[in-house]
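Subject: Structure handover

Hello,

Here is the structure for you to look through. My notes on what turned up follow below.

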Amino acid sequence: MTLTPVFLEIQNEIAIITIDNPPVNALSHAVRSGIVSCLVQAEQNDEVKAIIIACQGRTFIAGADITEFGKTPQEPSLPAVLTKINHCKKPVIAALFGTVLGGGFELALSCHYRVALSGTKVGLPEVTLGLIPGAGGTQLLPRIAGIALALEMISLGKMKKVEQLTEYNLIDLLITDVNNQDKSNINSNLLEQPLVFTKQLLKSNQTTKLIEQKPIESTPPLTELCQQWRDKLAKKARGQQAPQRAINSIENALLLPLDEAMKKEREFFIQCRDSTQSSAMRHAFFAEKSAAKLTYKAKPLTINSVAIIGAGTMGGGIAMCFASAGFNVVLVEMNQDNIDRGISAITTRYQQAQSRGIITAQQANDYLALISGTCDYADLSDVDLVVEAAFETMAVKKEIFSKLDNHCKPEAILATNTSYLDINQIANITKRPEKVLGMHFFSPANIMKLLEVVQADKTNEETLVTAMALGKKINKISVAVNVCYGFVGNRMYACYGREANMLLLEGATPTQIDNAMTSWGMAMGPLAVNDMSGIDIAYKARQENPNLSKDPTYFAAANTLVEANRLGQKTSAGFYHYDQKTKKPSHDEKACQLIANKAKALGVKQRLDISDEEIQNRLIFALINEGANILHEGIATKASDIDVIWLNGYGFPRYIGGPMHYAETIGIEKVVTVIEHFNETLKSDYWKVSPYLLKQLEDALVNNN
Ligand code: COA
């Protein structure tokens, strides 16, 4: 058994430093010190002429150890380790495979040579964690491979396969003929060729390669390129500090000698590391990992074929998710026309993906070939899973589920994509309620990452873990939740929308509300979203809600618009007016007047003093309070699951970490104070502080005493 995560072995003239720190060989303190200690030994040993850095397990180093951020840094720092590697008197060769990310890629860049197994992915994904590369990435990558590639890879944080990088001076040998079949022995297979490569280096007297000190020659197109990326990222990553700092740091490669630019990079890195944005994005990373983990012992069933009931926008999008992951999909509709229309819409969406370069023509054809249609439920006798995406009324769902129960084999799982309805009632219409659950996709289903997996009262563990495993296979971020009206996401969204509607009655304009929320960080304002999805959809859903609030002001603004046939973008009028040609929204006095009349009729006084801060607080604290109620009732098991839902389904800014993380950041005392303030000033029933928050406050007070 290995006691240290790094060990040294000498084979003839070559020292092999191997890192063995499962699961992803992250650069923990022990790994960093281990590398330095082995490097010193290898450098001092006269017998050693060259050094290979290799890894055990499933990947070369996948990055700094994220769990160490926020703790007191321990020496040696990563930049110090990498400087030691680059200044080593003997050639150092990195043997790459798997996902070589962050600090792992920086370490590889500071080695003098890089040998990579084909299929290896490299990247500097730090911006996705609110960071910039902090160990030379913004200097080494531009100096080795050029500014353009560095700007793209670092500011977007996306990985690239080594095959895409052959013209960039990054990989000295691409290994293609390793025995990939023998996965258990990938490491010893992988070492063979780096050893041959190193022996040849020594034979041909190749030596070390120091990274150049002088700045890259700066020409106007390069400085302009930096500015173009700054502008691009200001839009693409609105509100985020890390991408801008990353670009500034990359630009320093044009302006400053290496040592100075590295010092600056470290300063930028520390600013990012200690920022609330990065701590929120790290929270999001671990929250997503933890949402995927259930403690159940049951094993997922094998699913090969899937049927989707309904070939509309939602059903079509769900069919695409499964087909794109290699599943056979049969679309079920009431008549052939509907099937043809559904398949034609899917074909168009695949063609669009192809024309944007997201998939190849071959992939588009392959995925389409997996999709067929039928009008006959008898054709579903052999499918393993059905996802129903039909009309959102209980009567329709019950009819479909009894038919499915009669025609599908007993082992088949029956899922509903309902957004609001009681899945217990749907399950109880079948003779297999243990095999019924919710798989709630978000629109557009083929694009949105979130999948709420809804466990009904009788759903068994096997069914639940199968749906969660499927979620992963179709590239979704799945969160297991329990049944209530709207589940987690839409139940909270109703509170958020309720406050937006109240504020409209009180005199705020749609533009003011939407701008306040987008400037707070939301991807879109709530009223623009409502116009996009159709104001009538939520209106109908409210009518189906058995427990709808009796308060006449509840969603009165939206109801008024629907009743005036202003349904949103599809009628070119909703909360906004839409230009018929360009579809651009603009302020619409008519909508405001309709709402003002309604407010008058309801006795709601309009006021002019509504500030952006009030709008933001009312919408965000309504979310927090409802999230807390959901936790209190056990509808979600942990606060971080709620964050995952909001980050991936509702455009909540990742750099704020989700509503529950935001609440934690500002502290329980402040959260309760703000909600109590609204409870007192708004005098509505909606602002009763959640018992979950009161308990947290009590616990905090006990701990402080
Ligand atoms: N530091 C600490 N732990 C890490 C880590 C890191 N840099 N990267 C991954 N892990 C952990 C995960 O939390 C997970 O732990 P768990 O099993 O206890 O949940 C485990 O390693 C496996 O990761 P997972 O994401 O489930 O495996 P995967 O094969 O799907 O993906 C990676 C592997 C490396 C591609 C992915 O984990 C990743 O993108 N990691 C972040 C890499 C990164 O951003 N590096 C730069 C850091 S500055």
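**Helix α23**

Start with helix α23, residues 612–632. At 1.5 Å a residue, its 21 residues should span 30 Å, and the end C-alpha atoms are 30 Å apart, so the two agree. Bear in mind that this is a predicted model. Most of α23 is covered: 17 of its 21 residues are buried. After the helix comes Gly 634, with a positive phi near 75°.

**Domains**

The domain assignment gives three entries. Domain 1 covers 6–273. Domain 2 covers 305–484. Domain 3 is made of 490–634 + 667–700.

Look next at where domain 2 meets domain 3. Their centres, taken over C-alpha atoms, are 31 Å apart. Nine residues of domain 2 contact five residues of domain 3. Together the two domains bury about 570 Å², and 53% of that lies on carbon and sulfur atoms. On the domain 2 side, Tyr 420, Asn 482 and Cys 484 supply 55% of the area buried against domain 3, more than any other three residues. One residue pair is in polar contact between the two domains, with both residues at pLDDT 80 or more.

**Salt bridges**

The structure holds 29 salt bridges. One of them pairs the side chains of Arg 432 and Asp 405, at 2.7 Å from N to O. This pair links distant parts of the chain, 27 residues apart. Arg 432 sits in the loop between α15 (423–428) and β15, while Asp 405 belongs to helix α14, residues 394–407. Both Arg 432 and Asp 405 are buried.

Another bridge joins the side chains of Arg 498 and Glu 499, at 3.0 Å from N to O. Arg 498 has 6% relative accessibility, so it counts as buried. Glu 499 has 1%, so it counts as buried too.

A further bridge runs between Asp 609 and Arg 607, with N to O at 3.0 Å. Asp 609 has 55% relative accessibility and therefore counts as exposed. Arg 607 is partly exposed, with a relative accessible area of 25%. Through shared partners, salt bridges join Arg 498, Glu 499, Glu 506, Arg 607, Asp 609, Glu 614 and Arg 618 into one network.

**Helix α20**

Which residues of helix α20 (residues 535–543) are buried? They are Ile 535, Asp 536, Tyr 539, Ala 541 and Arg 542. These buried residues pack against two helices, α19 (526–533) and α21 (556–563). An α-helix has 3.6 residues a turn, so residues three or four places apart point the same way.

**Backbone details**

Two cis peptide bonds deserve a look. The bond from Glu 75 to Pro 76 is cis, with omega near -5°. Pro 76 is in the loop between β3 (50–55) and α2 (78–86). Ser 443 and Pro 444 are also joined by a cis peptide bond, with omega about -5°. The loop that holds Pro 444 runs between β15 (436–441) and β16 (450–455).

Then check two asparagines. Asn 169 is not a glycine, yet its phi is positive, near 65°. Asn 169 lies in the loop between β8 (160–161) and β9 (173–175). Is Asn 169 buried or exposed? Its relative accessibility is 51%, so it counts as exposed; the cut-off for exposed is over 50%.

Asn 475 also has a positive phi, about 70°, although it is not a glycine. Its place is the loop between α16 (461–473) and β17 (477–482). At 52% relative accessibility, Asn 475 counts as exposed.

**Phe 7**

Last, go to strand β1, residues 6–11, where you will find Phe 7. Phe 7 is partly exposed, with a relative accessible area of 26%.

Best wishes

Note on methods:
Residues are numbered from 1 along each chain as its sequence is written. Side-chain values use heavy atoms; hydrogens and water are left out. Helices (H or I, at least four residues) and strands (E, at least two) are DSSP runs, numbered from the N terminus. The expected span of a helix is 1.5 Å times one less than its number of residues. Buried means under 20% relative accessible area, exposed over 50%, partly exposed in between (1.4 Å probe, protein chains only). Domain bounds come from an automatic or database domain assignment. Contact means heavy atoms within 4.5 Å. Buried area is the accessible area (1.4 Å probe) that two parts lose on being put together, summed over both. A polar contact is a pair of N or O atoms within 3.5 Å; within protein, one must be able to donate a hydrogen and the other to accept it, and residues adjacent in sequence count only if both atoms are side-chain atoms. A salt bridge is a side-chain nitrogen of Lys or Arg within 4 Å of a carboxyl oxygen of Asp or Glu.
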